[in-house]
Amino acid sequence: MECVNSVWLAMSGCVMNDIDFYGNDLSNKAVENIEECGKLCESTSGCKAITYKISNKLCHLKSKDGGKGAKLPGFQSANMECAYPLPTTESRCIRNNIDYAGSDLSNKVVKDIGECLHHCRFTTGCKAMTYTESDKRCHLKSKRGGANGPKPLAGYQSANMDCENNAKYEESSCSKRGDFYGADISSRAVESWKQCEQFCRDTEGCKAITINRHTMTCYMKSQRNGQRLDTHSQDVLLSRNMVCSSN
(Lines give C-alpha, C1' and ligand atoms only; values in the text may rest on other atoms or scores of the structure.)
Protein backbone atom coordinates (compact mmCIF):
# COMPACT_ATOMS: atom_id res chain seq x y z
CA MET A 1 0.00 0.00 0.00
CA GLU A 2 1.54 3.32 -1.00
CA CYS A 3 1.02 6.60 0.77
CA VAL A 4 -0.15 9.00 -1.95
CA ASN A 5 -1.58 11.81 0.14
CA SER A 6 -1.86 13.10 3.69
CA VAL A 7 -5.48 11.99 4.01
CA TRP A 8 -4.29 8.39 3.74
CA LEU A 9 -1.57 9.03 6.29
CA ALA A 10 -3.96 10.52 8.82
CA MET A 11 -6.64 7.88 8.37
CA SER A 12 -4.70 4.63 7.83
CA GLY A 13 -3.20 2.21 10.29
CA CYS A 14 0.24 3.09 8.96
CA VAL A 15 0.54 5.63 11.79
CA MET A 16 2.08 3.91 14.81
CA ASN A 17 1.36 5.60 18.13
CA ASP A 18 4.04 5.63 20.85
CA ILE A 19 6.66 4.41 18.35
CA ASP A 20 9.96 6.09 17.46
CA PHE A 21 11.88 5.42 14.23
CA TYR A 22 15.32 6.24 15.63
CA GLY A 23 18.12 7.42 13.31
CA ASN A 24 18.37 7.76 9.52
CA ASP A 25 17.33 11.44 9.73
CA LEU A 26 17.27 13.56 6.59
CA SER A 27 16.14 16.68 8.43
CA ASN A 28 13.67 17.91 11.03
CA LYS A 29 11.23 20.77 11.24
CA ALA A 30 8.47 21.97 13.60
CA VAL A 31 5.01 21.37 12.11
CA GLU A 32 1.47 21.45 13.50
CA ASN A 33 0.67 17.71 13.48
CA ILE A 34 1.58 14.34 11.99
CA GLU A 35 -0.55 15.06 8.91
CA GLU A 36 1.66 18.07 8.13
CA CYS A 37 4.70 15.93 8.86
CA GLY A 38 3.47 13.44 6.27
CA LYS A 39 2.97 16.23 3.72
CA LEU A 40 6.51 17.41 4.33
CA CYS A 41 7.88 13.92 3.75
CA GLU A 42 5.86 13.53 0.54
CA SER A 43 7.40 16.71 -0.83
CA THR A 44 10.96 15.82 0.23
CA SER A 45 13.15 13.76 -2.09
CA GLY A 46 14.36 10.50 -0.52
CA CYS A 47 11.96 10.63 2.44
CA LYS A 48 10.67 7.14 3.23
CA ALA A 49 9.36 7.48 6.78
CA ILE A 50 8.62 9.97 9.54
CA THR A 51 8.69 10.31 13.30
CA TYR A 52 6.69 13.10 14.96
CA LYS A 53 7.30 14.19 18.55
CA ILE A 54 4.03 15.53 19.96
CA SER A 55 5.50 17.59 22.83
CA ASN A 56 7.62 19.92 20.66
CA LYS A 57 5.82 19.31 17.32
CA LEU A 58 9.12 18.33 15.71
CA CYS A 59 8.86 16.30 12.49
CA HIS A 60 11.83 14.03 11.70
CA LEU A 61 12.14 12.93 8.07
CA LYS A 62 13.80 9.53 7.53
CA SER A 63 15.85 8.15 4.66
CA LYS A 64 14.90 4.53 5.42
CA ASP A 65 11.81 2.53 6.28
CA GLY A 66 11.55 2.44 10.05
CA GLY A 67 10.26 -1.13 10.36
CA LYS A 68 8.57 -1.77 13.69
CA GLY A 69 10.49 0.94 15.51
CA ALA A 70 10.91 1.20 19.27
CA LYS A 71 8.27 1.84 21.94
CA LEU A 72 8.44 5.46 23.14
CA PRO A 73 5.44 7.35 24.56
CA GLY A 74 4.67 10.72 22.96
CA PHE A 75 6.00 9.81 19.52
CA GLN A 76 4.15 8.91 16.32
CA SER A 77 5.78 7.24 13.34
CA ALA A 78 4.79 6.07 9.87
CA ASN A 79 6.37 4.56 6.78
CA MET A 80 5.41 6.19 3.49
CA GLU A 81 4.77 2.71 2.16
CA CYS A 82 3.13 0.30 4.54
CA ALA A 83 1.29 -2.93 4.27
CA TYR A 84 0.29 -5.63 6.68
CA PRO A 85 1.90 -8.93 5.68
CA LEU A 86 1.28 -11.71 8.16
CA PRO A 87 4.47 -12.45 10.10
CA THR A 88 5.16 -16.18 10.37
CA THR A 89 5.05 -16.12 14.16
CA GLU A 90 1.60 -14.54 14.16
CA SER A 91 -0.01 -16.07 11.05
CA ARG A 92 0.46 -19.53 12.55
CA CYS A 93 -1.68 -18.36 15.49
CA ILE A 94 -4.71 -17.43 13.35
CA ARG A 95 -7.75 -19.60 14.08
CA ASN A 96 -10.37 -19.56 11.30
CA ASN A 97 -14.08 -19.58 12.19
CA ILE A 98 -13.23 -18.91 15.85
CA ASP A 99 -14.35 -16.00 18.04
CA TYR A 100 -12.43 -14.84 21.12
CA ALA A 101 -15.45 -13.19 22.76
CA GLY A 102 -15.15 -10.61 25.54
CA SER A 103 -12.18 -8.90 27.23
CA ASP A 104 -12.29 -6.14 24.57
CA LEU A 105 -9.84 -3.24 24.79
CA SER A 106 -11.22 -1.46 21.71
CA ASN A 107 -12.45 -2.09 18.18
CA LYS A 108 -12.08 -0.35 14.82
CA VAL A 109 -12.63 -0.95 11.11
CA VAL A 110 -9.46 -2.12 9.33
CA LYS A 111 -8.38 -3.21 5.87
CA ASP A 112 -7.74 -6.89 6.67
CA ILE A 113 -6.62 -9.30 9.37
CA GLY A 114 -3.00 -8.30 8.81
CA GLU A 115 -3.81 -4.73 9.82
CA CYS A 116 -5.73 -6.06 12.83
CA LEU A 117 -2.64 -7.99 13.97
CA HIS A 118 -0.58 -4.86 13.40
CA HIS A 119 -2.81 -2.80 15.70
CA CYS A 120 -2.73 -5.42 18.45
CA ARG A 121 1.06 -5.66 18.22
CA PHE A 122 1.40 -1.93 18.87
CA THR A 123 -1.39 -1.54 21.45
CA THR A 124 -0.37 -1.70 25.12
CA GLY A 125 -2.00 -4.64 26.88
CA CYS A 126 -3.28 -6.33 23.71
CA LYS A 127 -2.80 -10.10 23.93
CA ALA A 128 -5.21 -11.27 21.23
CA MET A 129 -7.58 -10.12 18.48
CA THR A 130 -10.72 -11.12 16.63
CA TYR A 131 -11.45 -9.97 13.07
CA THR A 132 -14.80 -10.19 11.28
CA GLU A 133 -14.59 -10.24 7.50
CA SER A 134 -18.22 -9.13 7.00
CA ASP A 135 -17.72 -5.67 8.48
CA LYS A 136 -13.88 -5.66 8.61
CA ARG A 137 -13.96 -4.87 12.31
CA CYS A 138 -10.96 -5.59 14.50
CA HIS A 139 -11.51 -6.33 18.20
CA LEU A 140 -8.43 -6.05 20.42
CA LYS A 141 -8.38 -8.26 23.52
CA SER A 142 -6.77 -7.96 26.95
CA LYS A 143 -6.73 -11.75 27.51
CA ARG A 144 -5.46 -14.65 25.44
CA GLY A 145 -8.53 -16.33 23.96
CA GLY A 146 -10.86 -13.55 25.09
CA ALA A 147 -12.87 -13.76 28.31
CA ASN A 148 -13.63 -17.50 28.30
CA GLY A 149 -11.64 -19.06 25.49
CA PRO A 150 -12.28 -19.85 21.81
CA LYS A 151 -15.81 -20.25 20.50
CA PRO A 152 -16.58 -21.68 17.03
CA LEU A 153 -18.30 -19.01 14.92
CA ALA A 154 -18.38 -18.84 11.13
CA GLY A 155 -16.89 -15.74 9.54
CA TYR A 156 -14.63 -14.87 12.48
CA GLN A 157 -10.84 -15.08 12.62
CA SER A 158 -8.94 -14.83 15.90
CA ALA A 159 -5.34 -14.95 17.03
CA ASN A 160 -3.26 -14.68 20.17
CA MET A 161 -0.08 -12.66 19.85
CA ASP A 162 1.77 -15.77 20.92
CA CYS A 163 0.52 -19.33 20.72
CA GLU A 164 1.49 -22.97 21.09
CA ASN A 165 0.61 -25.47 18.38
CA ASN A 166 2.54 -28.53 19.55
CA ALA A 167 -0.35 -30.43 21.19
CA LYS A 168 0.27 -34.12 22.02
CA TYR A 169 -3.35 -35.27 21.74
CA GLU A 170 -5.15 -38.36 23.02
CA GLU A 171 -2.33 -40.89 22.88
CA SER A 172 -0.35 -38.85 25.43
CA SER A 173 0.61 -40.60 28.67
CA CYS A 174 -0.77 -37.48 30.43
CA SER A 175 -4.32 -38.63 29.67
CA LYS A 176 -6.44 -40.10 32.46
CA ARG A 177 -9.76 -41.89 32.21
CA GLY A 178 -12.33 -40.02 34.28
CA ASP A 179 -13.34 -36.46 35.05
CA PHE A 180 -11.19 -33.61 36.31
CA TYR A 181 -14.16 -32.37 38.33
CA GLY A 182 -14.62 -28.61 38.95
CA ALA A 183 -12.36 -25.60 38.26
CA ASP A 184 -14.17 -25.01 34.94
CA ILE A 185 -13.30 -21.95 32.84
CA SER A 186 -15.90 -22.77 30.20
CA SER A 187 -17.20 -25.61 28.02
CA ARG A 188 -17.47 -25.90 24.23
CA ALA A 189 -18.77 -28.37 21.67
CA VAL A 190 -15.76 -29.65 19.72
CA GLU A 191 -15.07 -31.90 16.76
CA SER A 192 -12.19 -33.81 18.30
CA TRP A 193 -9.87 -34.27 21.26
CA LYS A 194 -7.26 -32.38 19.23
CA GLN A 195 -9.53 -29.32 18.99
CA CYS A 196 -10.27 -29.46 22.73
CA GLU A 197 -6.53 -29.41 23.48
CA GLN A 198 -5.95 -26.52 21.10
CA PHE A 199 -8.78 -24.51 22.67
CA CYS A 200 -7.14 -24.94 26.07
CA ARG A 201 -3.74 -23.90 24.75
CA ASP A 202 -5.34 -20.78 23.27
CA THR A 203 -7.13 -19.85 26.53
CA GLU A 204 -5.44 -17.77 29.21
CA GLY A 205 -5.13 -19.71 32.47
CA CYS A 206 -6.22 -23.08 31.05
CA LYS A 207 -4.20 -25.87 32.66
CA ALA A 208 -6.23 -29.01 31.96
CA ILE A 209 -9.16 -30.41 30.00
CA THR A 210 -11.90 -33.01 30.27
CA ILE A 211 -13.79 -34.21 27.21
CA ASN A 212 -17.09 -36.09 27.13
CA ARG A 213 -16.56 -38.46 24.22
CA HIS A 214 -20.29 -39.15 23.77
CA THR A 215 -21.43 -35.52 23.49
CA MET A 216 -18.02 -34.19 22.31
CA THR A 217 -18.10 -31.45 24.93
CA CYS A 218 -14.77 -29.95 25.98
CA TYR A 219 -14.36 -28.61 29.53
CA MET A 220 -11.41 -26.26 30.09
CA LYS A 221 -9.96 -26.15 33.60
CA SER A 222 -8.12 -23.48 35.56
CA GLN A 223 -6.36 -26.05 37.77
CA ARG A 224 -4.26 -29.11 37.05
CA ASN A 225 -6.41 -32.19 37.76
CA GLY A 226 -9.44 -29.92 38.33
CA GLN A 227 -10.60 -29.95 41.94
CA ARG A 228 -10.39 -33.73 42.02
CA LEU A 229 -10.30 -36.79 39.77
CA ASP A 230 -13.69 -38.54 39.55
CA THR A 231 -13.37 -42.04 38.04
CA HIS A 232 -17.08 -42.95 37.99
CA SER A 233 -17.43 -42.23 34.25
CA GLN A 234 -14.18 -43.68 32.89
CA ASP A 235 -15.79 -44.97 29.70
CA VAL A 236 -17.24 -41.57 28.77
CA LEU A 237 -14.82 -38.94 30.12
CA LEU A 238 -11.16 -38.48 29.34
CA SER A 239 -8.94 -35.83 30.97
CA ARG A 240 -5.41 -34.52 30.77
CA ASN A 241 -3.17 -31.77 32.12
CA MET A 242 -1.54 -29.49 29.57
CA VAL A 243 1.82 -30.05 31.24
CA CYS A 244 2.59 -33.60 32.34
CA SER A 245 4.01 -34.28 35.76
CA SER A 246 7.43 -35.87 35.61
CA ASN A 247 6.50 -38.01 38.64
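Reply: A definition to begin with: two strands pair if DSSP finds at least two bridges between them. Helices (H or I, at least four residues) and strands (E, at least two) are DSSP runs, numbered from the N terminus. This is a predicted model, in which local features need pLDDT of at least 70 and side-chain atom pairs count only at pLDDT 80 or more, while totals for chains, interfaces and linings use all residues. Residues are numbered from 1 along each chain as its sequence is written, and side-chain values use heavy atoms, with hydrogens and water left out.

Me: Fine. In what order do the strands of the open sheet with S11 and S13 run?

Reply: The order is S11-S17-S14-S15-S13, five strands with antiparallel pairing. S11 (176–177) and S13 are at the edges with a single partner strand each, so one side of each has no neighbour in the sheet.

Me: What packs on that sheet?

Reply: Helix H5 does, touching S13, S14, S15 and S17. Its direction makes about 150° with that of S14. Such angles run from 0 to 180 degrees between N-to-C directions, and the axes are lines fitted to C-alpha atoms, for helices over the stretch in contact.

Me: How many bridges join S13 to S15?

Reply: Five, and the two strands run antiparallel. Arg188 has Cys218 of S15 as its bridge partner.

Me: Back to H5. How many of its residues are buried?

Reply: Seven of the nine residues in H5 (193–201) are buried, which leaves the helix mostly covered. Buried means under 20% relative accessible area, exposed over 50%, and partly exposed in between (1.4 Å probe, protein chains only). The buried residues are Trp193, Cys196, Glu197, Gln198, Phe199, Cys200 and Arg201.

Me: And which strands do those buried residues pack against?

Reply: S6 (95–99), S10 (151–160), S13 (184–189), S14 (208–212), S15 (217–221) and S17 (237–241). Contact here means heavy atoms within 4.5 Å.

Me: Cys196 is on your list for H5. Which cysteine does Cys196 form a disulfide with?

Reply: Cys218, with the sulfur atoms 2.0 Å apart. A disulfide is a pair of cysteine sulfur atoms within 2.5 Å. The torsion about the S-S bond is 75°, making the link right-handed.

Me: How many disulfides does the structure hold?

Reply: Seven. Among them is the pair of Cys37 and Cys59, with sulfur atoms 2.0 Å apart.

Me: Are Cys37 and Cys59 buried or exposed?

Reply: Both are buried.

Me: Where does H2 lie?

Reply: H2 (34–42) lies across S2, S3, S4 and S5 (70–79), at about 150° to S3. Those strands are part of an open sheet of five in the order S1-S5-S3-S4-S2, with antiparallel pairing. S1 (16–20) and S2 (25–30) are the edge strands, each pairing on one side only. From one strand to the next the twist averages 35°.

Me: What does Tyr52 stand opposite?

Reply: Cys59 in S4. S3 (49–53) and S4 (58–62) run antiparallel and are joined by five bridges.

Me: Which disulfide is left-handed?

Reply: The link of Cys93 and Cys163 is, with -85° about the S-S bond. Its S to S distance is 2.1 Å. Cys93 has 1% relative accessibility and counts as buried; Cys163 is buried too, at 15%.

Me: Changing topic: how many residues of S8 are buried?

Reply: Five of the five in S8 (128–132), so the strand is largely enclosed by the rest of the structure. Ala128, Thr130 and Thr132 point one way, and Met129 and Tyr131 the other.

Me: Which residues are the bridge partners of Tyr131?

Reply: Cys138 in S9 and Gln157 in S10. S8 pairs with S9 (137–141) over five antiparallel bridges, and five bridges also join S8 to S10, again antiparallel.

Me: What sits between S8 and S9?

Reply: Four residues, in a hairpin; Lys136 in the turn has a positive phi of about 55°.
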